[in-house]
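Please look at the sequence and the model before reading the notes. They are grouped by topic and can be read in any order.

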Amino acid sequence: MKKKQVVKINLPGGVSSAGDFYEMLIIAQNAGATQIRFGNRQQLYFEIDVTQLEDLEFDMLGAGIDHEINQDVYPNITSSYIADGIFNQEGWLKEGVYKDIFDLFAYQPELKINLVDSNQTFAPFFTGNLNYISSPVSNYWYQYIRFPKTNILYCWPVLVYSDDIPAMSKTIQQVILANKPLFYDQPEVNADLLYQLVTAGNQFVIQEIDQPLAIPDFQLPYYEGFNKQGNKYWLGIYRRNELFDIEFLKDICNLCMQTRVGQLYISPWKSLLIKNIEAKHRPLWAVLLNKYRVNIRHAANELNWQIEDLCSQCLELKQQLVREFEEADLRTYRLSFAIKRSPKSGIYGSVMIRERSPDEFEIIHTRDFNHNTREFVVYKQGVAKADLSRHLITLCDMFYEQQSNNQLPLNTAKSKEETNASVQKTVHQCKSCFTIYDELYGDEFNEIAPGISFSNLAVYECPTCGAAKENFDELIFSAV
């Protein structure tokens, strides 16, 4: 049996016109594909036999469609464009700004680029290498560099202008790739040096940063089914097995063109969205869903998962855990889950299940359970596959217990003094992998009981990357 060839097509920003998308589907179908799937970075995948490669390449060349076969040298530019008008209404960042920026990219990025509205939580903030996040100043962006193959995150010291994003991204990529011993897959990085090299001889339009980025509390919007959009509707389609039949998608494109719906949107959660559906056309979409027996309105605890692209083991584990969550009637509101097998996959979640060896997993979570933060706490290590759901259920209970303790009773009011008061909390963070030692939890892997302060540890080793105690920085924040 000949191995299937994986074809990837990037959809910049996760958006495509119905006509262009239809053309991609025809080419995939002519090459023998019957289904496609979407990726975490809003790209398109399908598989074909090796005997079809020559014809596929000819068709792709004729249509002018950039693609890759069995590789991912050029990661897709991902964005929160999909959220505009349905998951956020605030701010200056609208579809025209996204389009203008996409049009200015005259090269294929080799680093991961994210363009994200800071007023939403549907699209991830920091999963790119170059993360542009809208600031309060119109047409200016915060930029956070996550150096390739590291968790080192650096805030660019000035705001970046919209029109400069493509040129600045290209310059940063050139500097990083030309200086890999300094900036690529390194345990420590001189980020200020990168800033100096990028800005030397370049005249970028900038603004000073008046206020730091405020990361919103995470809340995953329900992103499937028919939903109101002003006097119109939008439709979200999720597939439990991640597979979308090409015939179904072709009919979607035809209906979009027939009803003057211009664009299709791919979400970072591997689903498809169609916006601006006229009320009078809603019955046509219902007929289409009936024709292909497509379900909508899946349970929320099935939708809040991120798993690696093209990974059958991750998908099987997710399906197992979702079944066990359902049996336990588990509440997962405001949580997201990720399953990682590859250490450098870049997927995200407020709770992450990482495979360390066959049938042995580690459970970690972000310090505040917000999936857009990058500070991790190790919860359990050496967990067998059969025991994962039990530990995850306990962790969810812990999250909601913390939420309950942080909320006042309805009949109680804080005084002004109590409202302004805060407690300084200290934790210690590994500079290499961002794992946090918090004495509230201790460290089960290193057999350190809760309540043991970091200063009282004579010797300590990071449970994630093995770094020594000296590699940890003190981190102080306010806990109200």
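The average pLDDT of the chain is 91, and 93% of the residues score at least 70. The structure holds 17 salt bridges and 0 disulfides.

**Confidence**

- In residues 408-423 the pLDDT falls below 50, and the stretch makes 12 contacts in the model beyond near neighbours in sequence.
- Where pLDDT is low, the predicted coordinates should not be read in detail.

- Strand 1, which covers residues 5-9, pairs with strand 5 in the antiparallel sense over 2 bridges.
- Val7 has Ile69 in strand 5 as its bridge partner.
- Strands of a sheet pair through backbone hydrogen bonds, either parallel or antiparallel.

**Strand 17 and its partners**

- Strand 17 is largely enclosed by the rest of the structure, because 5 of its 7 residues are buried.
- Strand 14 and strand 17 run antiparallel and are joined by 5 bridges.
- Leu235 has Ile274 in strand 17 as its bridge partner.
- Strand 16 also pairs with strand 17 in the antiparallel sense, over 2 bridges.
- Ile266 has Leu272 in strand 17 as its bridge partner.
- Strand 16 and strand 17 form a hairpin with 5 residues between them.
- Lys270 sits in the turn of this hairpin and has a positive phi of about 65°.

**Salt bridge between Glu278 and Lys232**

- The side chains of Glu278 and Lys232 form a salt bridge, with an N to O distance of 3.8 Å.
- Glu278 belongs to strand 17 (residues 272-278) and Lys232 to strand 14 (residues 232-237), so the pair links distant parts of the chain, 46 residues apart.
- Glu278 is partly exposed at 31% relative accessibility, and Lys232 is partly exposed at 24%.

**Salt bridge between Lys250 and Glu247**

- Lys250 and Glu247 meet through their side chains in a salt bridge of 3.3 Å, N to O.
- Both residues lie in helix 7 (residues 246-258), and because they are 3 residues apart, about one helical turn separates them.
- Lys250 is buried, with a relative accessible area of 12%, whereas Glu247 is partly exposed at 37%.

**Salt bridge between Asp309 and Lys270**

- A salt bridge of 3.2 Å, N to O, joins the side chains of Asp309 and Lys270.
- Asp309 is partly exposed, with a relative accessible area of 22%.
- Lys270 counts as buried because its relative accessibility is 6%, under the 20% cut-off.
- Asp309 and Lys270 also belong to a network of salt bridges that includes Arg37 and Glu242.

**Two serines**

- Where does Ser342 lie?
- Ser342 is in the loop between strand 19 (337-340) and strand 20 (351-357).
- Ser342 is partly exposed, with a relative accessible area of 31%.
- From Ser342 to Asp103 the separation is 239 residues in sequence and 33 Å in space, C-alpha to C-alpha.
- Ser389 is part of helix 11 (residues 388-405) and counts as buried at 10% relative accessibility.
- Which residues does Ser389 touch, not counting residues up to four places away in sequence?
- Ser389 touches Leu321 and Glu324 when residues up to four places away in sequence are not counted.
- The side chains of Ser389 and Glu324 are joined by a polar contact of 2.8 Å.

**Cysteines**

- Cys311 is buried, with a relative accessible area of 9%.
- Cys430 is also buried, at 0% relative accessibility.
- A disulfide is a covalent bond between the sulfur atoms of two cysteines.
- The structure holds 0 disulfides.

Methods: Residues are numbered from 1 along each chain as its sequence is written. This is a predicted model: local features need pLDDT of at least 70, side-chain atom pairs count only at pLDDT 80 or more; totals for chains, interfaces and linings use all residues. Side-chain values use heavy atoms; hydrogens and water are left out. A disulfide is a pair of cysteine sulfur atoms within 2.5 Å. Buried means under 20% relative accessible area, exposed over 50%, partly exposed in between (1.4 Å probe, protein chains only). A salt bridge is a side-chain nitrogen of Lys or Arg within 4 Å of a carboxyl oxygen of Asp or Glu. Helices (H or I, at least four residues) and strands (E, at least two) are DSSP runs, numbered from the N terminus. A polar contact is a pair of N or O atoms within 3.5 Å; within protein, one must be able to donate a hydrogen and the other to accept it, and residues adjacent in sequence count only if both atoms are side-chain atoms. Contact means heavy atoms within 4.5 Å. pLDDT is the predictor's confidence in each residue, from 0 to 100. Two strands pair if DSSP finds at least two bridges between them.
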